[in-house]
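Open the structure in your viewer and keep the selection panel at hand. The stops below say what to select next and what is there.

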Amino acid sequence: DDFEGQGVWRYADALPFESGVSIQEGATPLYEAPRLEESIGVEALRIKHEGMNPTGSFKDRGMTVGVRVAEELGVGRLACASTGNTSAALAAYGSRGGMETLVLLPAGKVAAGKIAQASLHGARILEVDGNFDACLDIVQELAGQGEAYLLNSLNPFRLEGQKTIGLEILEGFLADYDTVPDRIVLPVGNAGNTSALYKAFRELVQAGELEEDDVPKLTGVQAEGAAPMVEAVENGADEVRRWEDVETRATAIRIGNPVNAPKALPGIRETGGTAVAVSDEEITEAQRDIAAEGIGVEPASAASVAGLRKLRAEGIVDDDERVACLTTGHLLKDPDAAAAAGSDPEPVPADTQGVLEHLQD
Ligand code: F0G
């Protein structure tokens with residue numbers, strides 16, 4: 001029942017517990033994407049689709065650990081700020097653990113599927129008249145005052161669970177190519193995954209299970225309208241400047257103050273990776289390209305593929321590289337974005353002749 005030894009919990013040796021508050025998270029597909037591989041022009045391309053987790057995003061991997069910690073501590077109320085996915089996962093895992101959940105969301109900027117999940121799983125939802133970064137400021141203060149246990153990616157136990165994304169990618173590549181990937185490309189918001197993957201790989205190097213030179217190049221992608229990490233990487237800065245005004249269609253990564261930047265920047269630098277910004281149009285184009293492989297992802301997730309395409313076109317990624325793109329959330333998280341990126345339904349009469357005539361037009 002607690003999923004011991006499976007999914008995320010197959011990596012219990014790398015985690016603080018043997019089991020968690022579980023809804024059977026992890027063990028997500030590492031899809032082939034032959035048309036994308038061909039059109040982008042790399043040796044190998046795989047899509048690690050985290051949208052296939054129980055609540056449809058990678059957040060479940062962190063929550064199974066984080067909510068277990070909350071249970072150990074015996075806290076009364078769990079809380080997070082969220083662009084949507086964290087709130088959906090917290091609501092589900094909190095309910096599973098029998099705990100009260102409180103989520104702070106930026107009003108009008110959270111995709112429909114995510115609010116629906118938080119709502120049905122019973123979170124108390126506060127719509128804040130401000131952006132995600134303001135929500136996180138508030139929830140950190142609430143946690144500091146003992147009002148709630150914080151389950152944003154500032155919580156280190158969340159990132160412990162998210163390390164397993166990196167471990168699964170390495171295992172998948174070793175099984176299929178007999179080598180680890182040269183590069184992992186991922187969307188960046190708060191830079192939690194970037195930090196978690198870097199920590200996972202450092203631990204493998206320290207344990208003597210991975211050569212330092214074989215650590216995949218961590219490559220972060222942000223939307224042009226919310227790209228403080230890209231700015232810092234390009235400027236060789238040690239600190240990330242907070243962007244007060246952020247905007248992008250990829251609402252999941254509409255973040256101006258990536259709180260895990262101090263842990264993520266060294267990860268990008270020391271693995272020989274980079275960071276790149278993509279436009280909303282490039283994101284939508286990539287979302288369509290991924291969908292053409294039968295894989296449905298939300299806009300923020302498509303940023304990874306958009307970024308890879310851009311870096312390959314610029315010659316920063318080589319044609320002999322084996323690459324994993326992380327797609328962080330499911331298409332159904334943001335049905336409005338999917339419908340806008342896809343084709344419109346065509347009205348037809350309710351008879352076969354009428355349908356045939358329409359098809360011939
Ligand atoms: N992709 C998706 C679909 C996300 O929901 C998020 C973050 C990210 C990428 C960025 O990941 O923070 O590890 O760099 N979503 C958070 C939320 C902020 O509240 O759901 P990161």
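In what order do the six strands of the open sheet stand? The order is β1-β2-β10-β7-β8-β9, and the pairing is mixed. Strands here are DSSP runs of E with at least two residues, helices are runs of H or I with at least four, and both are numbered from the N terminus. Two strands pair if DSSP finds at least two bridges between them.

Before going on, note that this is a predicted model: local features need pLDDT of at least 70, side-chain atom pairs count only at pLDDT 80 or more, and totals for chains, interfaces and linings use all residues. Residues are numbered from 1 along each chain as its sequence is written.

**Stop 1: the open sheet**

Stay with the six-stranded sheet and select β1 (30–32) and β9 (274–278), which stand at its edges. Each has a single partner strand, so one side of each is left without a neighbour in the sheet. On average, neighbouring strands of this sheet are turned by 25° against each other, direction ignored. Axes are lines fitted to C-alpha atoms, for helices over the stretch in contact, and angles run from 0 to 180 degrees between N-to-C directions.

Next, select β8 (residues 217–223) together with β9. The two run parallel and are joined by five bridges. To find one of these pairings, pick T219, whose bridge partner in β9 is T274.

**Stop 2: helices on the sheet**

Which residues of α8 are buried? They are P228, M229, V230, A232 and V233. A residue is buried if 20 or more other C-beta atoms lie within 10 Å of its own, exposed if 12 or fewer, and partly exposed in between, with C-beta atoms placed from the backbone. The buried residues of α8 pack against β8, α9 (261–270) and β9. After α8 comes G236, which has a positive phi near 60°.

Now select helix α6 (residues 156–177). Across which strands does α6 lie? They are β1, β2 (44–49), β7 (183–187) and β10 (322–327), and α6 runs at about 140° to β10.

**Stop 3: two domains**

Colour the chain in two parts: domain 1 (7–56 + 156–341) and domain 2 (59–150). These bounds come from an automatic or database domain assignment. The C-alpha centres of the two domains lie 22 Å apart. In all, 38 residues of domain 1 are in contact with 31 residues of domain 2, where contact means that the C-beta atoms of two residues, placed from the backbone, lie within 7 Å.

On the side of domain 1 that touches domain 2, α6 and α12 (335–341) each supply at least two residues. The most comes from α6, with eight residues. By class, that side of domain 1 has 17 nonpolar, 13 polar and eight charged residues. Ala, Val, Leu, Ile, Met, Phe, Trp, Tyr, Cys and Pro count as nonpolar, Asp, Glu, Lys and Arg as charged, and the others, Gly among them, as polar.

**Stop 4: around the ligand**

Select the ligand and the residues around it. Of these 21 residues, which come nearest? They are S82, G189, G192, T328 and G329. A residue belongs here if its C-beta atom, placed from the backbone, lies within 6 Å of the molecule. Helices α3 (85–96), α7 (192–206) and α11 (299–313) are the elements that give two or more residues to this shell. The shell has six nonpolar, 14 polar and one charged residues, and it draws at least three from each of domain 1 and domain 2.

**Stop 5: single residues**

In helix α11, pick A302. Is A302 buried or exposed? A302 is buried, because 33 other C-beta atoms lie within 10 Å. Leaving aside neighbours within four places in sequence, A302 is in contact with I283, A286, Q287, I290 and V297.

Move to A191, in the loop between β7 and α7. A191 is not a glycine, yet its phi is positive, about 65°. A191 counts as buried, with 28 C-beta neighbours inside 10 Å.

Finish at A27, in the segment before β1. A27 is not a glycine either, and has a positive phi of about 55°. With 15 C-beta neighbours inside 10 Å, A27 counts as partly exposed.
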